[in-house]
Amino acid sequence: MKLRHLLVAVLLAANVITAIGVVHARHDYRQLYIDLTRLERARDELNIDFGRLQLEQATWAMSNRVDQVARERLGMRFPETAEIVVVRP
């Protein structure tokens with residue numbers, strides 16, 4: 001009879017320890033899932049920002065934009081025909 005009580009006690013303890021392990025594993029899983037969701041949201045926001053920056057870079061790099069800035073800020077202009085000198089070796 002004592003062996004049976006001992007076996008039941010051991011099995012009960014094993015069952016409780018296993019249940020605690022399952023609860024702990026599920027808690028870890030939920031925390032990792034929350035972290036994954038947060039990181040995916042951050043990745044999506046960074047992708048949106050990257051797209052905006054690419055568009056802005058394309059806008060600033062357009063040749064007519066460069067021409068406009070050169071004329072307005074730097075006072076640059078195309079030379080007149082009389083101002084062009086051809087240098088031959």
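Contact means heavy atoms within 4.5 Å. The model shown is predicted: local features need pLDDT of at least 70, side-chain atom pairs count only at pLDDT 80 or more, and totals for chains, interfaces and linings use all residues. Residues are numbered from 1 along each chain as its sequence is written, and side-chain values use heavy atoms, with hydrogens and water left out.

**View 1. Contact of helix α1 with helix α2.** Thr-59, Trp-60 and Ala-61 of α1 meet Ser-63, Arg-65 and Val-66 of α2. Three of these contact residues are nonpolar, two polar and one charged (Ala, Val, Leu, Ile, Met, Phe, Trp, Tyr, Cys and Pro count as nonpolar, Asp, Glu, Lys and Arg as charged, and the others, Gly among them, as polar).

**View 2. Salt bridge of Asp-35 with Arg-38.** Side chains of opposite charge can pair when their charged atoms come close. A salt bridge is a side-chain nitrogen of Lys or Arg within 4 Å of a carboxyl oxygen of Asp or Glu. Between Asp-35 and Arg-38, the closest N and O atoms are 3.7 Å apart. Both residues lie in helix α1, three residues apart, about one turn of the helix (helices are DSSP runs of H or I, at least four residues, numbered from the N terminus). The whole structure has five salt bridges.

How values were computed: Helix = DSSP H or I, 4+ residues; strand = E, 2+ residues; numbered from the N terminus.
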